[in-house]
Amino acid sequence: MSDLADRRHFLAASAAGTMIASGFHTSTATASSSSPNENLVCGVMGVNGRGSSLAKGFSRQKNVTVSHVCDVDSRAVLKGKSAVQSVTGKVPVGSADFRSLLDEKSIDILIVAAPNHWHGPASMLAMQAGKHVYVEKPCSHTPREGELMVENSEKYKRVCTMGSQRRSTAGHRAAIKKIHDGEIGKVLYAKCWYANRRGPIGKGKKVQVPDWLDFELWQGPCTEKPYKDNLVHYNWHWHWHWGNGELGNNGVHAIDVARWGMQVDYPTRVVSAGGRYRFDDDQETADTHLTSFEFGDRLLVWEGVSWSPKGNEGTAFGIAFHGDKGSLYLYDNKYEIYDMQRKLVLEEPFSFSDDPHFDDFLGCIRNGGKPNATIEEAHKSTLLCHLGNIAHRSGKAIQTDPANGRMKNGELQKFWTKEYRDGWEPTT
Ligand SMILES: NC(=O)c1ccc[n+]([C@@H]2O[C@H](COP(=O)([O-])OP(=O)(O)OC[C@H]3O[C@@H](n4cnc5c(N)ncnc54)[C@H](O)[C@@H]3O)[C@@H](O)[C@H]2O)c1
């Protein structure tokens, strides 16, 4: 067993031991038992881009301290520190190894904004160590990790939410309420989309790992691959080993809202079309992707085009709901309702901020209750992305069990999970 895996075992064992002794409440905050004004302490894992913005955002919340930022890139640690300092004037502790945050008793919440292959394993270890978790989307790298995330949240009674922030925005919530109130009738079809003008990532060269990066810990739970000079940062999204393509990147946001509006859980059938058409580079995931999810007699379609920015209806991101009495178009700054004569009958602009999502999560830790984006719902939406990608990679139509989203196609079971580095297999 490597030193890394050995330490992971030590932590898991010590955390479990403490939890048994104290009825799972190792942290200063416990769901539904904290006082409403109690200060909540956060550590952030992965602070290159999104993590620094979350560190800032959480620092702005009342009675919240971001005490630690952590990254395996020493340059990113500095970014994370100055993000917090710019809001509070105080410099958080910086570290390279998130397991030191799990050991830190004063930390109540782990915010996970490392790449996708870390989301499940780090969140689960955090819950096992008594921390509440704000994990970025997608909440898992594989379907099995998503199932285990739900089990961990239940077992350790930790609040675990996903960064699907539209679940908490007043404007998105108002639009979804219109749908649930029957304004456009029964929704039989929803189409959502994402468009961007991304460039090529080139063909990477195997080079020495730079001195600012702990690449062994960057890879963590994944089986080891050699370092290439076009992987870190962000481009891991386009490799199956670490990422989930555009579907698991921006698709999950729109699919989550579409599924919420349609009030559907697990699909019955998933098919996919598309490929990697635009650039001859190292990307493996589709840059042009249509994937459809049938829920019995209702259909949800996602369209992703990663190289052409126009999108549909003049927007890069949107969700169109079609009911038997009308249609609702939902964007990030407004929603519109059309009648069956194509006449615009309502247009409601709104502003979009992440703050309500942070507030909702913190409120659940302090006062009890379930977050707007429960890990159960986050798992269902993330699972749709996994199924869309499995359909794409296998070229097969997937038949699923609508009770739990599991695939009926025997030959596809290998995609349900993946191989982990020794000692890093996620558990409950
Ligand atoms: N909710 C949203 O709107 C939103 C927006 C952007 C990104 N995201 C999500 O946030 C995550 C991060 O995105 P990004 O664009 O910042 O990616 P990124 O690749 O730029 O940054 C990830 C950071 O995590 C670090 N990291 C890797 N392994 C680590 C480890 N073991 N411990 C600590 N740090 C580690 C990397 O060094 C890097 O600095 C992604 O999963 C992405 O899907 C969500």
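Domain bounds are taken from an automatic or database domain assignment. On this basis the protein is divided into domain 1 (3-166 + 359-374) and domain 2 (169-202 + 225-352 + 382-409). The model is a predicted one, in which local features need pLDDT of at least 70 and side-chain atom pairs count only at pLDDT 80 or more, while totals for chains, interfaces and linings use all residues. Residue numbers start from 1 along each chain as its sequence is written.

The C-alpha centres of domain 1 and domain 2 are 27 Å apart. Their contact involves 15 residues from domain 1 and 16 residues from domain 2, two residues being in contact if their C-beta atoms, placed from the backbone, lie within 7 Å. On the side of domain 1 that touches domain 2, the elements giving two or more residues are α5 and α6. Helices (H or I, at least four residues) and strands (E, at least two) are DSSP runs, numbered from the N terminus. This side of domain 1 consists of four nonpolar, nine polar and two charged residues. In this classification Ala, Val, Leu, Ile, Met, Phe, Trp, Tyr, Cys and Pro are nonpolar, Asp, Glu, Lys and Arg are charged, and the others, Gly among them, are polar.

The axes of α5 and α6 are 9 Å apart and meet at an angle of about 10 degrees. Axes are lines fitted to C-alpha atoms, for helices over the stretch in contact, and angles run from 0 to 180 degrees between N-to-C directions. The helix α5 is therefore roughly parallel to α6; angles under 35 degrees count as roughly parallel, over 145 as roughly antiparallel, 65 to 115 as roughly perpendicular and the rest as oblique. In α5 the contact is formed by G120, S123, M124, M127 and Q128, and in α6 by E145, L148, M149, N152, S153 and Y156. Five nonpolar, five polar and one charged residues make up this contact of α5 with α6.

The helix α6 also packs against α11 (375-394), at an angle of about 175 degrees and with the axes 9 Å apart. These two helices, α6 and α11, are therefore roughly antiparallel. From α6, the residues P143, G146, E147, M149, V150 and S153 meet I375, E376, H379, T382, L383 and H386 of α11. The contact of α6 with α11 comprises five nonpolar, five polar and two charged residues.

Most residues other than glycine have a negative phi, and most peptide bonds are trans. Another cis peptide bond links V232 to H233, with omega of about 5 degrees.

K157, in the loop between α6 and β6 (160-162), has a positive phi near 50 degrees. With 16 C-beta neighbours inside 10 Å, K157 is partly exposed; a residue is buried if 20 or more other C-beta atoms lie within 10 Å of its own, exposed if 12 or fewer, and partly exposed in between, with C-beta atoms placed from the backbone. Phi is also positive, at about 55 degrees, in Q263, a residue of the loop between α9 and β8 (269-275). Q263 is exposed, having 12 other C-beta atoms within 10 Å.

The loop between α8 and α9 also contains E224, which is exposed, with 10 other C-beta atoms within 10 Å. Apart from neighbours within four places in sequence, E224 contacts Q219 and R421.
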